[in-house]
Every structure is written in structure tokens, then in C-alpha cells.
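Dear colleague,

Please find the structure below. My notes on it follow.

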Amino acid sequence: MRTNDVMLQTATKVVTFIILMFAVHIFFAGHYTPGGGFVGGLLTASAIVLLMLAFDLPTVKKIVPINYVVLTAVGLLIAIATASASIVFDVPFFTHAYDYFDLPLFGKTSLHSAMLFDLGVYLVVVGVTMTIIQTIGEDE
Amino acid sequence: MSNLALFPIVIPLIFAAVLMLFPKNVSMQRIVAIAGVSATLVSALFLFSKVSTDGIQAVTLGSWPAPFGISMVSDMLSVLLVLSSTLVTLFVLFYSIPTIGVKREQSYYYPAVLFLMTGVNGAFTTGDIFNLFVFIEVLLMASYALIVHGGEKPQLRESIKYLLVNIISSALFVSAVAYLYSVTGTLNMADLAVKIPEIEAVGILTVIAVLFLVVFGFKAAIFPLYFWLPGSYFAPPMAILALFGALLTKVGVYAIMRTYTLFFTMNIGFTHELLAIIAILTILAGCIGALAYFDVKKIIIYNIIIAVGVILFGISQMNAAGVEGSIFYLVHDMLIKAALFLLVGILTVIFGTSDLRKMGGLIKSYPLFGWTFLIAAFGLAGIPPLSGFPGKLLIVQGGFEGTHFWGSLVILATSLLVLLSVVRIFIYAFWGEPAKIVTIDRKHYLSIFVPTAILVALTVVLGAGAELFMPFVSDAGEVLLNPSLYIDAVLKE
């Protein structure tokens, strides 16, 4: 007998977005305070896993039609490319660059090349976590 | 400052990521994988020429000052190992294209191989002990994927053992690193080499050194920590086995080599004596295994253990002859083990079994293959002028010059056992009454035999041209014996 999951599904529809927004917040917070791509990635993955729990795998695959292995590869490439940019500028590998910019709406903001690396980390974490969970979940 | 040292690590990583994008397109997978390894080989050659003309190449990541950032250091030893491991990977790749099977090729076989290469090259290059842990984890992750790749029943069974052993040894590794950090306050290898002689508490450092020996001993398969190796290596297909046999244990050996010459030198009387005794016991245990089995895979697998013992014995002597011998033997062993595994792989393809007793009389139908095998077997045992000889000679000389003449005698005696163990394969498989063989078509046979034969030819060149390679080997040995060269290159940029 299938249990009644109306409450879970209804709550999930709201909570998922809260988690996703919080993931974005944590991702950018990682610049100077605790947080960053790894935690942000895990939070995002947990939001998707919550969707999977509340609904089922096929539904979630329809909502988020992403091949997570490809996502991992893209994340890896972004991260390596950011780190490798230092080769072009002939400074030691992984050397980062940053500057302050006046952006509309945000005001004076520091933009940092490490953020791009972190974006790669974020994608890899989401990709790997979801690949693992999907592989285990599909195997029944 | 030179980023060149990082190229052999970054290139396979990029290609591995690219390969993950299109797993089902087998022909593209093959082409891109070979292009990736070839590009790595070219970069390793550049690095090699740079190191041999300009000396040690050190770069500290992220432009941080040296003891605080992660240093990558490419000295002659590490570049020689990077070069040989890349070479081995290339030939194994050629061998695996016709043998590994389309199904495996479509499930991320090539990315896993390239990730393995990233880890191996990184472990050989890094100058930071925690970073060494990270790179060993990278190569272990790839090896977990490879050992279970294909998911056959024995593979699944053995991979659980392999995983368990490696997770335990990794946990030990982290704890050992933590102990080391709490005593010395640094993890940069060059900085460790400066700080450790200043510390008076030799007792605790000796404990840490032995702990590291245990940790690396698990990876390198020394006595009595090799118990996991014969079973685990037996399970995966031959191409993967060749990669593991040629590269993985060598990372452990390299780690012992580096740490025991660069900074764990405060109590040589105890630590290196222990290393010498363990090395000899490893050789003896390996010989027993190599002679006990009638399975060709098992025989060569136990020969890995013997070689580990021989190399570590040379290091434990801490004199020029011993260390140079170890370096030469290490390079030789990577090439010859890969070659032998591939040769044995061809044998199992031809006979359809790896049991020696079901083989026989192959010399009539495959004469060239037979003689190639004999050359590789002689090379392994160290018959001059083949590549096993110069290394072993120097190691034995190191033992006589040092305090362990008995160890040298054991190595000389066991060389005969090594010869016996591989010639036994030759006698059973190539002499006698022809046994039932599987007919394989000429083209398939050539596609696996040619890369193998070239690899054997390379070991012959290494042996016959030893005089040519010796200057590089003594360069590498010099850095090991004079840590100040290494320290200066990293800390005084």
C-alpha cells in the first residue's frame, strides 16, 4: 500500500526552492566566510534528492533533465581551465586574480577568479553526488 | 618557477574530463585517449630535457611562499618515473584497445586510465606530504573504478578486499601525517628536511617514520603487508593488471624512497636496518609465491613483490651504489613488469587459460613470440646485457659496501629463483607437446603483440644502453643522497 505523501510533496515544492536559494547564498558566501562550491554543491544535491524522495526518479528526471556525468566533466573542465589560466600569464599554477568593480545594483564588488574555480567544484560535487545517488537508487 | 612540472599531471586530467563527455563513441574514445597520453608523453619529455639541463624544477602553487603553499618538485628521479609511467600507460593503452572489450570501453575505461595517470604522475611530482596523500587518493579512486570495471564475480569479491585494505591504510596515512605535523609543524617535504634534523626528540620521529613505512608498505606490498595484492591483482583483465603491476606499487616504493632519503634520516641505525630486513623478507616471501603457483598471472604477480624488496634493499643502504641501483631498477621494473604482464596476457589469449599445466609446444606456431618472452624473462632475472642487470649489480654492490652483505647474497641467490620462476613459464608454454590452442586471427594477434614487442625492445635498449642512461640515474641519486639540493631548489627560489 502506498503511503499518503501529499504533505511531503506539498512541502517539498516550497522547501526545494528555499534550499536552492540557500545553496546559491552559501556558494557566494564562500568568498570570505565559511561556505563555497563544495557545500553549495551538496546543498543543491540535497534539494534534488528531496525531490526524488517526494516524487520518484522518472519525474525528477523530467524536471531536471541533466546528465550528471556530463555535468561532472564540465565542472572539472571549468576548474582546470581556471587554474590553467595561470599558465598563460606565466605565474605559478593556481595563482588567482581579483579586482574591485562598481556594478549596478551591487555597488562596489570584488570579483575573483577563484569563484570560477569554485563554480567548477560546485558542478563536480552536484554531478558526482547525483550520479552516486541515482546509481544506487535505480538499482532495485 | 616553471609550470612545466605540472603538465604531465594536468594534461591527462583535461583529457579524462573531455572523455567523460561522450562515453558511447568508442572510436573517439580511443583516439582522444591515445592523443591524451601522447601529449602527456611529449610534455614529460620536455620536462625531462628541462630538468637535465637546468636542474630541479620547483613551483609552489598559487604564488604562495614555499613552505606554506603546496610545492610541486620535479627532480631527475621524479621526471624519470613520470616518463616511464607515461610510456607504460601508452603501451598498455595500445594493448587494451583490441583486448578490453567494447562494453568496458563504453563505460568510462579510458577516463579511469587517464585519472589513474594523473594520480600517479602527481604522486611522483609533489613536494608536499599531504598533497602526496591527495594524489594517492586520486590514483586509488581510479584504481577502484578499474579493479571493479566490468563487474565480473571475482572482481567484485576482490575489490571489496582491495577497498578495505586501502581505506584502512589511507586512514593510517592521514593519522601519520597528523603526527608528523604536530611534531614538526610543517608538511612541505623540503621544509621537513630542514626541520627534522633540528628536533631532538628522535624517538617520536622514529615511531612516525615506521608508521609511514607501514602506510607506504601497504601500497608498495612489502612483507607482511602484501597479503592483499596477489588476490586483488588476479581479478581484473590483463591490461588493467599490467597498469596496476607496473605503476601502483611503484608509487608506494617511490614514497618510501623519497621520505627515507630526504627527511627520515635521523635514526638510520634503526629505520634503515628495519627497511633492509623487511626488504629481504619481502624478496623471500615473493620467491616462495612465484615458485609455488602454476598460474602464469600469479607467477608474475609474485614477481612484483620480489622487485619491491630488491628496490627497497638498495634504498636502505643509503650509499651511492645502492640508491642509484634502486633508481635504475625501479625504472627497469616498471617497463619489464608491464611487458611481462602483456606477454602473459597474450599467452592466456592463445591458450584460453592461465594454467601452465594446460599449455605447451607454442614455439612451433609462435616462434617470435616465444623468443620475445625469453628475452623479457632474462631481462627480469637480470642477465647481462638486459635491463635488470645494471640495477641489480649496483644494488648488490651497495649491499657489499654497506653493512648488509648478507642481503646482497640473498638477492644474488634469489635472482636464480626469479629466473627459474619465469623460465618455468617458458618451458611449460613453449616446449613439449603442443597443447590445444584457440585460433585467433593474424590481425588481432599482431595488434596485441606489436605494442608488447616494442615495450620489450625498449627494455633491451634500457639495458644495453645502460651507459647512456647512467648519468641521469646518478643525477637522480645525487639529489636523494644530498637533500640540500632538493631543499635549495624548493625554499630558495
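Of the 493 residues of chain B, 63% count as buried, where buried means under 20% relative accessible area, exposed over 50% and partly exposed in between, with a 1.4 Å probe and protein chains only. This is a predicted model, in which local features need pLDDT of at least 70, side-chain atom pairs count only at pLDDT 80 or more, and totals for chains, interfaces and linings use all residues. Residues are numbered from 1 along each chain as its sequence is written, chains are lettered from A and ligands numbered from 1 in the order in which they are written, and side-chain values use heavy atoms, with hydrogens and water left out.

Chain B contains 21 helices and two strands (DSSP runs numbered from the N terminus: helices are H or I of at least four residues, strands E of at least two). The C-alpha atoms of chain B fill a box of roughly 65 × 55 × 45 Å along the principal axes. Among its contacts (heavy atoms within 4.5 Å) between residues at least 6 apart in sequence, 81% join residues at least 24 apart.

In chain B, Thr348(B) belongs to helix 14 (residues 320-351) and is buried, because its relative accessible area is 17%. Leaving aside residues up to four places away in sequence, Thr348(B) touches Met238(B), Val296(B), Thr353(B) and Ser354(B).

In chain A, Tyr122(A) sits in helix 5 (residues 113-138) and counts as buried at 16% relative accessibility. Its C-alpha atom is separated by 9.9 Å from that of Ala23(A), 99 residues apart along the chain.

Yours sincerely
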